[in-house]
Amino acid sequence: MTMKLIYFAWVRERIGKPEEDVALPADVKTVADLLRWLRSRGEEYEHALQYPDVIRVAINQEHVDHRESLAGANEIALFPPMTGG
C-alpha cells in the first residue's frame, strides 16, 4: 500500500522533509503500526517520533486515534500537539 505522508511543524523539521510517498509493509495496519515503522527508518525519524503518544495524526484530513486502521487512507498527516491562544 502506497501512502502520502505529510509532516508539520517540528516533526517536519526533525525528519527533514515536508512530505513523502511511501510503500508501507503489509504488517503496517494501524496508526500505531505506522509510527513504529517510521521510527525504524532512520535517526531523523526516531528523533521526530521518539514520543509517539504526543504525535497527532489525521487520515484524509480527519483527526484519528492511534488505534485507527489505515485501510482506505490516501493521505496521513503527522504533527505535534498544538497550543492555542
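How exposed is Lys17, in terms of relative accessibility? In this model Lys17 counts as partly exposed, at 30% relative accessibility, where buried means under 20% relative accessible area, exposed means over 50% and partly exposed lies in between (1.4 Å probe, protein chains only). The model is predicted, so local features need pLDDT of at least 70 and side-chain atom pairs count only at pLDDT 80 or more, while totals for chains, interfaces and linings use all residues. Residues are numbered from 1 along each chain as its sequence is written, and side-chain values use heavy atoms, with hydrogens and water left out.

Lys17 brings us to the charged pairs. A search of the whole structure gives 7 salt bridges, a salt bridge being a side-chain nitrogen of Lys or Arg within 4 Å of a carboxyl oxygen of Asp or Glu. One of them joins Lys17 to Glu20, with 3.4 Å between the closest N and O atoms.

Another salt bridge pairs Lys4 with Glu19, whose closest N and O atoms are 2.9 Å apart. This pair links distant parts of the chain, with Lys4 in strand β1 and Glu19 in strand β2 (residues 19–23), 15 residues apart; strands (E, at least two residues) and helices (H or I, at least four) are DSSP runs, numbered from the N terminus. Lys4 is partly exposed at 27% relative accessibility, and Glu19 is partly exposed at 39%.

A further salt bridge, between Arg36 and Asp33, has its closest N and O atoms 2.7 Å apart. Both residues lie in helix α2 (residues 31–39), 3 residues apart, or about one turn of the helix. Arg36 is exposed at 52% relative accessibility, whereas Asp33 is buried at 19%. Elsewhere, salt bridges that share partners join Lys4, Glu19 and Asp21 into one network.

Turning to the rings, the structure holds 1 aromatic pair. Its members, Phe8 and Phe79, sit edge-to-face, 6.2 Å centre to centre and with 80 degrees between the planes. Rings of Phe, Tyr and Trp (its six-membered ring) pair if their centres lie within 6.5 Å, with planes under 30 degrees apart counted as stacked, over 60 as edge-to-face and the rest as tilted. Phe8 lies in the loop between β1 (2–7) and α1 (9–15) and Phe79 in strand β5 (residues 75–79), so the pair ties together parts that are 71 residues apart in sequence. Phe8 is partly exposed, with a relative accessible area of 38%, while Phe79 is buried at 9% relative accessibility.
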